[in-house]
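This report considers the fold of a single chain and the charged contacts between its side chains. The sequence and the model are shown first, and the discussion follows.

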Amino acid sequence: MSAEATHRRLTQRAGDDESEADYQLRSRFRVLLWGPTTDNVTAYLFREEDRLVITLEFWREEHLLSHPEDAGAVFVVEIPAGELVGILEGIAAALDASPSESHS
C-alpha cells in the first residue's frame, strides 16, 4: 500500500464515530502535534527499512480557501531515519541553548 493510501486509510474513520481500536491505531502513527505551528495539518510517520515516510494533509478550511490546490492532496516526504534524528537533536539543542525567562 502506498504512503498516500495508508494516510487516507488512517484518516478515513477519524471523527465522532471512530472506534477506540481505530483511534488507537491512528494515534500510533500521528506526528507533528506541536500546537499552533502544526495544527493545520494531519501528519503520520511510517518506517520503511532505513527511511522514514511522513505524510501530510492540510485540513483547515481557511488554508484550503487560500490554497485550493491543497484540497484533498496528501504530501509525502521520505527521509533517512538518521537524518531526521539529527534534525530533531539540533532543534532540541537550539531550544536548550535559548536564554530562559527569569522568574522573579
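## Criterion and confidence

A salt bridge is taken here as a side-chain nitrogen of Lys or Arg within 4 Å of a carboxyl oxygen of Asp or Glu. Under this rule the count is five salt bridges, and one of them joins Glu-78 to Arg-51, with the closest N and O atoms 2.9 Å apart.

The model is predicted, and its mean pLDDT over the chain is 86, with 93% of the residues scoring at least 70. Confidence is highest in strand β3 (residues 75–80), at a mean of 95, and lowest in helix α3 (residues 61–66), at 83.

## The sheet and the helix across it

Three strands make up an open antiparallel sheet in the order β1-β2-β3. Because β1 (41–48) and β3 are the edge strands, each with a single partner, one side of each has no neighbour in the sheet. On average, neighbouring strands are turned by 20° against each other, direction ignored.

Strand β2 (residues 51–58) runs antiparallel to β1 and is joined to it by eight bridges, and within this pairing Thr-42 stands opposite Glu-57 in β2. The two strands form a hairpin with two residues between them, and Glu-49 in the turn has a positive phi of about 55°. Helix α4 (residues 81–97) lies across β1, β2 and β3, and its direction is at about 90° to β3.

## Salt bridges between strands and loops

The contact between Glu-78 and Arg-51 connects strand β3 with strand β2, and so ties together parts that are 27 residues apart in sequence. Arg-51 is partly exposed, at 26% relative accessible area, and together with Glu-48 and Glu-78 it belongs to a network of salt bridges.

A further salt bridge pairs Asp-39 with Arg-60, whose closest N and O atoms are 2.5 Å apart. This pair links distant parts of the chain, since Asp-39 is in the loop between α2 (20–29) and β1 while Arg-60 is in the loop between β2 and α3, 21 residues apart. Asp-39 is partly exposed at 36% relative accessibility, and Arg-60 is likewise partly exposed, at 28%.

Arg-8 forms a salt bridge with Glu-4, the closest N and O atoms being 3.1 Å apart. Both residues belong to helix α1 (residues 3–12), and because they are four residues apart, about one helical turn separates them. Arg-8 has a relative accessible area of 33% and is partly exposed, and Glu-4, at 35%, also counts as partly exposed.

Terms used: Residues are numbered from 1 along each chain as its sequence is written. This is a predicted model: local features need pLDDT of at least 70, side-chain atom pairs count only at pLDDT 80 or more; totals for chains, interfaces and linings use all residues. Side-chain values use heavy atoms; hydrogens and water are left out. pLDDT is the predictor's confidence in each residue, from 0 to 100. Two strands pair if DSSP finds at least two bridges between them. Axes are lines fitted to C-alpha atoms, for helices over the stretch in contact, and angles run from 0 to 180 degrees between N-to-C directions. Contact means heavy atoms within 4.5 Å. Buried means under 20% relative accessible area, exposed over 50%, partly exposed in between (1.4 Å probe, protein chains only).
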